[in-house]
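Dear colleague,

Please find the structure below. I would be grateful if you would look through it before reading the notes that come after.

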Amino acid sequence: MPSDSSLESVHNCIKCGLCLAACPIYRQVLEETASPRGKVQLLKGLRQDRLEPSPYLEEIASRCLLCHSCAAVCPSGMEVGHLIVGLRSEMVKSFGLEWKKRLAFRHLLSPGGRFGTAIQGARILTPLMPPWIKVAGISLSHLPPLPTTPLHRQYPEKIAPPGGRVRASVAFFPGCMIDYVYPEIGSSLISLLQALGIEVIIPRDLACCGTPLFISGEEEILARNLQHNLEKLGSLPAKIVLTACASCGHTLKKEYPYLMREWGKDSSLAEEVGAKIQDVSVFLQREEGLGEMLGPLPTTLTYHDPCHLAKAEGVRTEPRQLLRSIPELNFVEMAEADACCGGGGSFQFYFPQTSQAIASLKLNHIREVGADIVATGCPACRFRLSTALDREDSGIRVVHTVQILDEARGRRKR
Amino acid sequence: MLSSKVLKRLEGILGQERVKSAPEDLLAYSYDGYLQESLPGAVVFPRTTEEVSAVMKLASAEKVPVTPRGAGTNLSGGSIPVPEGIVVCLTRMNRILEIDERNRLAVAEAGVINGDLQKAVEARGLTYPPDPSSQFISTLGGNVAENAGGLKCLKYGTTRDYLLALEVVLASGEVITTGSRTAKNVTGYDLTRLLCGSEGTLGIITKITVRLLPKPESKRALQAIFPDLGQAGETVARIMGAGITPSIMELMDQGITGAVEDFMHLGLPRDAEAILLIEVDGRQEMVEKEVAQVAELCSAGGASEVKVARSDEENEQIWLARRSVFGALARLSPTTFSEDTTVPVSQLPLMLRKFPEIARRHNVRIAVVAHAGDGNIHPCLSFDERDREEMARVERAAQEIVAESLALGGTLSGEHGIGLSKARFLPMEFDPTTLQIMAQIKRAFDPLGILSPNSFLSQHLAASR
C-alpha cells in the first residue's frame, strides 16, 4: 500500500481535469466523484480531516477500473492508480474488507488457497442454476464453460520439447485465470514453446499474484502471497519467467518492488524477480523461428490492448507484429484499441451497468472494423469481452494472442 | 447546510438520484481548475431546459445562490460555488441535436463536450474551430460562458465568432432565445455575444447553435529556432504584416524549452531564447506556398534553424513539444498557475522582455509560452500553494504582469476569464462608468444577484449598490 509520504503527492494535483477525458467511468457517469481528479481530491480531504471515512466514500473508491488511463495523461505525472488503492486501503482500515472479499481472499487466493476447488464447485453447480441468476448482469449460462482440470495438473512441472533437444528453458507463471478458467491459453503457449524447442517449467504451489488483493486495498494476505511467490520465483534457475496475463505480469514486474519499497522492506529480491518477468508477446516476438512455423489463417482479426499491458507496461507493438506475421490473416486496427474493456477485476460485478456500457463502446469499435476474431493479451479482458459479446450472440470470437498463433501453427503444411 | 426544505423541493424537481448533498459530493464540486475551493450546499444534474428552469424558479423564490458548471476545467475560478449555494452541473445535457450541412451549423445542448462535437462534424467534412486545450473534456456551455479560445484563434477567432443562437435560462427561471439560424442578424442588441464570456453571471446557457466551416484540405507545420527572443517576436509581427495568416503561431521561451527538454528529451536547443512553432492550413497548393514563405521570413528574421514538416508524422513531432508544455511545467512544482495576459501583437517583443525582469524582482519562476500570433501570452508561474510567503511573491509578480501589459495597450485576460483570479484587477482596466454599466446589465438579467455570485463583478456590485 502507498506509504504516508507517497500519499502526500495528492498535493501535486493541479485540478486541470485532463484525466476526466481519459477516464472510461467518468465518460459514462459524468459526475466528478466518478473521476480520477475527484477521487484524488477526496483522498486529500480525508488526509486533511475535511472528510470522514464513510460507506459512500468506500463506494466512490471502488468505482475505478485501475486502467491507468488517467495516469497516462496526467501532466503532473501522478500515480493516480496507487492513490486510489491508497484511498481503498484507508477504507479497509476503517471498515474492514467486505465479507465476500474477505472470504475469497482468505480461503481462495491466499497461499495454498482453494480457488481450484471453488471453480470445480462452480463448474458443477452452474448448469443447475436457473437462468435468472446473474453475475455482472450476465446470465450464468453465458459464463465461460469451466475446465475440469487446471493447467498445472494437465502437465508435469517440467515440460521438455519433443526430441529432447532443449534450445532454452523458461518458467511460466500461469496466474489464477489461466490456470483455472482458461487453461487452453496455457496449452497453446506450451505447444508453441515446444515447437520452438524451448523447455517450460510451471512451478508448483504458486500463489495468486495478488492483483485482486492489492487493488482492494487488502494488505495482510497480500504480503504473504508476495513473500511466497518471491521465494518460489527467486529460487528458480530460469532467467525468464513468462506471463500471459497482463495483470499478473504488471503486478509481478512493477507492483512487487513498489510494494516492498512502500512497506520499507528490502526490495532487491523483488527487483531481481521483476527483471525476469516477461510478457509472452515480447518473448515470442524475438523468436526468429516462429514466423516460418505459421500457416495461413484467412480471417479478419483485430487486437484489444489490455490496460495492464499497453498503458502500464508499454507493450503495444509486439503483439501486433506477431499477429501480422500470420499468413493470409487480415489484421485490422480498431478505433481506441487501448480503451479499457470495462472489466477492472471485481468492478464488473459491483457495477455491472457501467461495466456493460464501457464494454459496449469496445464492441462497437470491434464491429466497425468487421472483425471475426478479437485477440488480446489478458485472460481478464478475454473474460469481459466474451461475456459481453456472447450476450449479443455476435459470433465474434475472443482469444488470447498465443491461441491464434498456435492455431496458425496447426495450419502449416508439413 | 442548504435548508432541508430546498433540498426536498430540488428532489421533487429532479428526483433523489440527481440531487447530491453528501459531504463527498460537496467536496468534489468545491473546485475547478483554479486554486481556491468552497463547499456548495447541493449539486444538481438537470437533463432538460425545463428542469433548469424549475431549479432557477425555486432558487429565485428562496434567494439561494446558483453556480452553473460544466466539466470544471475553468482556469479562473468562475465555476467555484459560494457556500450553501446550488451547483447546477450540466454534464448530463449532452445531446448533439442537429448537424445541418446545408446551413453549415450545429445545435447542441450545453453539456456536449467540445471534442465530441468536433468529431461528429468532422465525420461530415466540417469543422468547429475553437480548440481550448481542455477540448476533450470541457463542455460547449462552459466554452461559451468563458468565450474559450485555443491555438487556432489567430486565423479562426474564438468561441464568440462561431455563435449563431443561444437558449438561456434566466435567474428568474424564464427561458429566452437569442440570435437566429441565419449568418446575418442585426436585429436588436446582440445578446448572444453579450452572454458569451459572461462567466455564468447573466444566465444558464442550455442550448447552443454554432457556425461550422469546411474542414481544411491540408496543413503543414514548421519549427524555427531563434537565438534571440526579440527577433522571434519581431518575426511574428513580420509574418502578420506579410499578409499570411497561419492557423497557429506559438512561441516557447528558453524556460519552457528547458522544462520540455528535461521532461521529454526531444533534442530542442536549450540555449535558444525562443522557438516558434507555426502551422499553415488550407488548400494544398496554398499551404505549400505559404509554408515556404513563412520559412523564408523566419530565416531572414534571424532564425538559426528552420525545420518544415514533410509528413503528418513530422507535423505531429513538431507539435509534441508544444503539447508537452503543460506536463513539463506541472512537474516543476506542486502548483502551476498559467497567467493569461494579452497585448497587441506588435508589442509582443517588448512584453516578452518584461518577464525575466519580473521573475528576478520577485524571486519567482516564470516560463513563457505564447499564442504569439494573437498576442495572448501564458507566463506560467511555478510554486507551492502551501508556502504562504512564496504565494505572496507570486501574487505581487502577477499584479506586475497585469500592470505592464495594460501599459502596452493589453488586457487582463485573453481566454481564461476573470472569475476569482483577477476580479481585483478590473478597476485597472475599466473606468468606474464602465463598471457601473456592467453592474446595471447584471441587474437587468439577475435582479436578485443569485447567479454566480462568486463572479468577476461581485465586489463592484456590492460597491455600486
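Predicted model: local features only at pLDDT ≥ 70, side-chain atom pairs only at ≥ 80, totals over all residues.

Residues are numbered from 1 along each chain as its sequence is written, while chains are lettered from A and ligands numbered from 1 in the order in which they are written.

Chain A is assigned domain 1 (4–95), domain 2 (151–284) and domain 3 (288–413); such bounds come from an automatic or database domain assignment. Between domain 2 and domain 3 of chain A, the C-alpha centres are 22 Å apart. Their contact involves 26 residues from domain 2 of chain A and 26 residues from domain 3 of chain A, two residues being in contact if their C-beta atoms, placed from the backbone, lie within 7 Å.

On the side of domain 2 of chain A that touches domain 3 of chain A, α12(A) gives the most, with 7 residues. Helices (H or I, at least four residues) and strands (E, at least two) are DSSP runs, numbered from the N terminus. This side of domain 2 of chain A holds 17 nonpolar, 7 polar and 2 charged residues. Ala, Val, Leu, Ile, Met, Phe, Trp, Tyr, Cys and Pro count as nonpolar, Asp, Glu, Lys and Arg as charged, and the others, Gly among them, as polar.

Turning to the two chains, 26 residues of chain B are in contact with 25 residues of chain A. The largest share of the chain B side, 5 residues, is from α2(B).

Yours sincerely
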